[in-house]
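Hi,

Here is the structure I promised to pass on to you. Have a look at it first, and then read on for my notes.

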Amino acid sequence: RADASAAYAGGECDMRFVFCAAAICTLLDDEACSTIDVRRATAYIIASQAFDGGLGLGPGMESHGGSTYTGLAALSLMGTIEELKRRDLAVQWCIERQVGGFQGRPGKAEDTCYSFWIGASLELLGCARLSDVGSLAAFARSCQFAHGGIAKCAGNHPDVLHTYFALCGLSLGGVRGLLPIEPRLGTTLRALHSAGLSRLCTAVECEVCE
């Protein structure tokens, strides 16, 4: 589809496809995203903002932390994030997901991976410092395994995904000792520069750039 919401003609529409398309364009030095219809892709994302301010996987679908992040990151990569309607409501929705750690949806249990999905969403909305980083760190510590790694929640076994995203969220929150993160792509600035993608660095102060 021209709006990048499906992987092939007639396929399932999903916000994650829009993000993948925008990210691939950006990584391949097509920062104008000329191979997709940016206007229609932006319209798809805008139409997916639910009544509560969060973004669903598509129009009319429930707000979710993952789809909120992928939608906002895609808008940012395409240079159209300023077109988001009800920005303040989106910020409020993200803030309300913190119940110690972040939850992905209202009424759900907190999960360490949403430290990034929601934390990066707040960063993209210009409000990263509105979260309670102390509570976020305490939740991550409660999910840390005795021999290393971080689980999705206390009592579960750790895995690479939740370990990485828990630390990403803490980095975005300004916790010292962690490498800075590029919120649009979910990678460290060090990895970005090592891959020869310094042009994508949006940090105001970047030691690697300097």
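This is a predicted model: local features need pLDDT of at least 70, side-chain atom pairs count only at pLDDT 80 or more; totals for chains, interfaces and linings use all residues.

Let me begin with helix α2, which spans residues 38-47. Its buried residues are Val38, Ala41, Thr42, Tyr44, Ile45 and Ile46. Among the elements that cover them are α1 (15-27) and α3.

Next is helix α4, residues 87-95, where Ala90, Val91, Trp93 and Cys94 are buried. Viewed down the axis of α4, these buried residues fall within an arc of 160°, so they line one face of the helix. The cover over them includes α3 (65-78) and α5 (114-124).

Now the cysteines. How many disulfides does the structure hold? The count is zero. For Cys20, the closest cysteine sulfur belongs to Cys25 and lies 11 Å away, which is too far for a bond, given that a disulfide needs the two sulfur atoms within 2.5 Å. Cys143 is in no disulfide either, and its nearest cysteine sulfur, in Cys153, is 6.2 Å away.

Are these two cysteines buried or exposed? Cys20 has a relative accessibility of 39%, so it counts as partly exposed. Cys143, with a relative accessible area of 3%, is buried.

Best wishes

Key
Residues are numbered from 1 along each chain as its sequence is written. Side-chain values use heavy atoms; hydrogens and water are left out. Buried means under 20% relative accessible area, exposed over 50%, partly exposed in between (1.4 Å probe, protein chains only). Helices (H or I, at least four residues) and strands (E, at least two) are DSSP runs, numbered from the N terminus. The arc is that of the directions from the helix axis to the C-beta atoms. Contact means heavy atoms within 4.5 Å.
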